[in-house]
Amino acid sequence: MAGEFCSRSLYISFFRIGRDLMVEIVKSGGWLMLPIILCAIIAMGIILERFWTLQQKRVIPEDLTSKVWGWVKKDQLDQKQIQTLHQGSPLGQILAAGLINRDRDRVVLKDAIEDTGRHVVHELERYLETLGTVAAVTPLLGLLGTVIGMVKVFTAITTHGVGNPTVLAGGIAEALITTAAGLTVAIPALIGYRYYRTRVDTLVVDMEKEAIKLVEALHRRSEKDGKSGKRGKSGK
């Protein structure tokens, strides 16, 4: 019990020291730390949200195309199933668009899938431009903090001279802290932006492959049905 109490007290002490240190750093960085912190919160939120949304199993459920084709072959498709498929995943939206137009010409079928695919890609890329903007803006905010800090340094030199380093410390601290904070936010944001752009491109290629599979299968089925119909007429 005594050891557990000591470790808990030590943890609380470290937490308070860290909290006070962070507060002091933010204060030393000046008012530009507020937009930098806001950018950090936005970037973290987007990175976590996209990590959840762009999972392979959520975008392209395993064996979904095979399952849908099984429904088609067994004539088990109805409007309710197509609606459920549309709401289930991004790939499901594309396949549902193909199934709705499965009895039309191949050109119409492909156009419907491509139109739906553009909407799906737009949804997959949601917030990524904002993340890229954060990655581009935060270093500039840090640079602006550097400029403001150096202006304060030169103003202090003009007023008090260089004999008192304490007077210069505030401006130098502000310049360095804002630069470091801006880069600390920008680097992960840029990495996340590049990673998720590549991730979206990979998912789009995989969805295109699955959609092509469905289009080819539906086309072969329609050709087979057409040939069967002609044979039936010739037999009569």
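A residue is termed buried when its relative accessible area is under 20%, exposed when the value is over 50%, and partly exposed in between. By this criterion, nine of the 11 residues of helix α6 are buried, so the helix is largely enclosed by the rest of the structure. The buried residues of α6 are P90, L91, G92, I94, L95, A96, A97, G98 and L99. These results, like those that follow, refer to a predicted model.

The overall composition of the chain provides the setting for this helix. The protein chain contains nine helices and zero strands, and its elements run α-α-α-α-α-α-α-α-α from the N terminus on. Of the 236 residues in the protein chain, 32% are buried.

The packing of α6 was examined against two other helices. Two packed helices are described by the angle between their axes and the distance between the axes. For helix α5 (residues 79-88) and helix α6 (residues 90-100), the axes come within 6 Å and cross at roughly 150°. Because angles over 145 degrees count as roughly antiparallel, α5 is roughly antiparallel to α6. The crossing of this pair is left-handed. The axes of α6 and α7, for their part, come within 8 Å and cross at roughly 160°; α6 and α7 are therefore roughly antiparallel to each other. In this second case α6 passes α7 in a right-handed crossing.

The loop between α6 and α7 contains D105. With a relative accessibility of 57%, D105 counts as exposed. D105 and H219 are separated by 114 residues in sequence, while their C-alpha atoms are 8.7 Å apart in space.

Burial was also examined in helix α4, which comprises residues 64-73. The buried residues of this helix are L64, T65, V68, G70, W71 and V72. In the loop between α3 (56-59) and α4 lies D63, a residue other than glycine with a positive phi near 60°. D63 has a relative accessibility of 52% and therefore counts as exposed. After α4 comes D75, for which phi is again positive, near 55°. A further positive phi, near 70°, belongs to Y127, likewise a residue other than glycine. Y127 is located in the loop between α7 (106-124) and α8 and, at 38% relative accessibility, counts as partly exposed.

Charged side chains were considered next. The structure holds six salt bridges. One of them joins D115 to R118, with the closest N and O atoms 2.1 Å apart. Both residues lie in helix α7, at a spacing of three residues, or about one turn of the helix. D115 is partly exposed, with a relative accessible area of 36%, whereas R118, at 53% relative accessibility, counts as exposed. In another salt bridge the side chains of R126 and E123 meet at 2.5 Å, N to O. R126 counts as partly exposed at 36% relative accessibility, and E123 is partly exposed with a relative accessible area of 37%.

A further salt bridge links K213 with E210, and here the closest N and O atoms are 3.5 Å apart. K213 and E210 both belong to helix α9 (residues 165-235), where three residues, about one turn of the helix, separate them. K213 is partly exposed, with a relative accessible area of 49%. E210, by contrast, is buried, with a relative accessible area of 18%.

Finally, the surface was examined for nonpolar patches. L140, L143, V147 and V151 make a nonpolar surface patch of about 370 Å². V147, one of these residues, is placed in helix α8 (residues 128-160). The relative accessible area of V147 is 44%, so this residue is partly exposed.

Definitions and conventions: Residues numbered from 1 in each chain as written. Predicted model: local features only at pLDDT ≥ 70, side-chain atom pairs only at ≥ 80, totals over all residues. Heavy atoms only, no water. Patch = residues over 30% accessible without salt bridge, like charges linked within 9 Å, V, L, I, M, F, W, Y side chains within 5 Å. Areas by Shrake-Rupley, 256 points an atom, 1.4 Å probe, with all protein chains shown as cover. Salt bridge = Lys/Arg side-chain N within 4 Å of Asp/Glu carboxyl O. Helix = DSSP H or I, 4+ residues; strand = E, 2+ residues; numbered from the N terminus. Buried < 20%, exposed > 50% of the residue type's maximum accessible area, 1.4 Å probe, protein only. Axes fitted to C-alpha atoms, helices over the stretch in contact; angles between N-to-C directions. Parallel < 35°, antiparallel > 145°, perpendicular 65-115°, else oblique. Left-handed = near helix turned anticlockwise from the far one by under 90°.
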